[in-house]
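Visitor: Please take me through one part of this model closely, and show me how the rest of the chain gathers around it. I would like the surroundings as well as the part itself.

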Amino acid sequence: MIAKQVARIIAEYVVFLELTDEEELNLDTAVEASEVLGAQLEALDKGFLRELVDAFAVIAAEYSGDAHEVVRNIAYGFYLEEALAADDPVRLAELEALRDARD
């Protein structure tokens, strides 16, 4: 349950960074904030990070429009599955292939 609550906080932050107009939020500031957030997410305990990644998929249904897509893609955008698979070269290769196919 805590993972869903934390995921909602992170989602609101990411939606703000991604969808706020450039006239209201400096693009360089948004990029820097995203990079800091990404580093903090990757540093989380792997068990909790797994719960968090799974929670993003669940809470995405609470959003609509562009915000829905932003939340649904948090794990992808921050390479969180790759962070979880850091010690598994086979899984990393699978994720790279999936990323190549998607892009």
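Guide: In what follows, helices (H or I, at least four residues) and strands (E, at least two) are DSSP runs, numbered from the N terminus, and contact stands for heavy atoms within 4.5 Å. Please keep in mind that this is a predicted model, where local features need pLDDT of at least 70 and side-chain atom pairs count only at pLDDT 80 or more, while totals for chains, interfaces and linings use all residues. Residues are numbered from 1 along each chain as its sequence is written, and side-chain values use heavy atoms, with hydrogens and water left out.

The end C-alpha atoms of helix 1 lie 25 Å apart, which agrees with the 26 Å that its 18 residues should span at 1.5 Å a residue; the expected span is 1.5 Å times one less than the number of residues. Buried in helix 1 are A3, A7, I10, A11, V14, V15 and L17. Those buried residues fall within an arc of 155 degrees when seen down the axis of helix 1, so they line one face of the helix. The arc is that of the directions from the helix axis to the C-beta atoms. On the other side of helix 1, I2 and I9 are exposed. For these labels, buried means under 20% relative accessible area and exposed over 50%, with partly exposed in between (1.4 Å probe, protein chains only).

V70 sits in helix 4 and is buried, with a relative accessible area of 15%. Leaving aside neighbours within four places in sequence, V70 is in contact with V14, V15, E18 and L19. V14 and V15 belong to the buried set of helix 1. V70 and E12 are 58 residues apart in sequence, and their C-alpha atoms are 9.9 Å apart in space.

R8 and E62 form a salt bridge, with 2.7 Å between the closest N and O atoms. That pair links distant parts of the chain, since R8 is in helix 1 and E62 is in the loop between helix 3 and helix 4 (65-72), 54 residues apart. A salt bridge here is a side-chain nitrogen of Lys or Arg within 4 Å of a carboxyl oxygen of Asp or Glu. E62 counts as partly exposed at 46% relative accessibility, and R8 counts as partly exposed at 29%.

Now turn to helix 2 (residues 27-42), whose own buried residues pack against helix 1, helix 3 (46-59) and helix 6 (80-84). Helix 2 has 16 residues and reaches 23 Å from its first C-alpha to its last, close to the expected 22 Å. A30, A33, S34, L37, G38 and L41 are its buried residues. Seen down the axis of helix 2, they fall within an arc of 140 degrees, so they line one face. The face turned away carries exposed residues D28, E32, E35 and Q40. At the start of helix 2, a side-chain oxygen of N26 comes within 2.8 Å of the backbone nitrogen of D28.

D54 counts as partly exposed at 40% relative accessibility, as does R50 at 30%. R50, D54 and E81 are linked in a network of salt bridges. The count of salt bridges comes to six.

Stepping back, the chain has seven helices and zero strands. Its 103 residues would give a compact globule a radius of gyration near 13 Å, and the chain's 14 Å agrees; the radius is taken over C-alpha atoms, and the globule rule is 2.2 Å times the number of residues to the power 0.38. Of contacts with a separation of 6 or more, 65% join residues 24 or more positions apart.

Note on methods. Polar contact = N/O pair within 3.5 Å; in protein donor to acceptor, adjacent residues only side chain to side chain.
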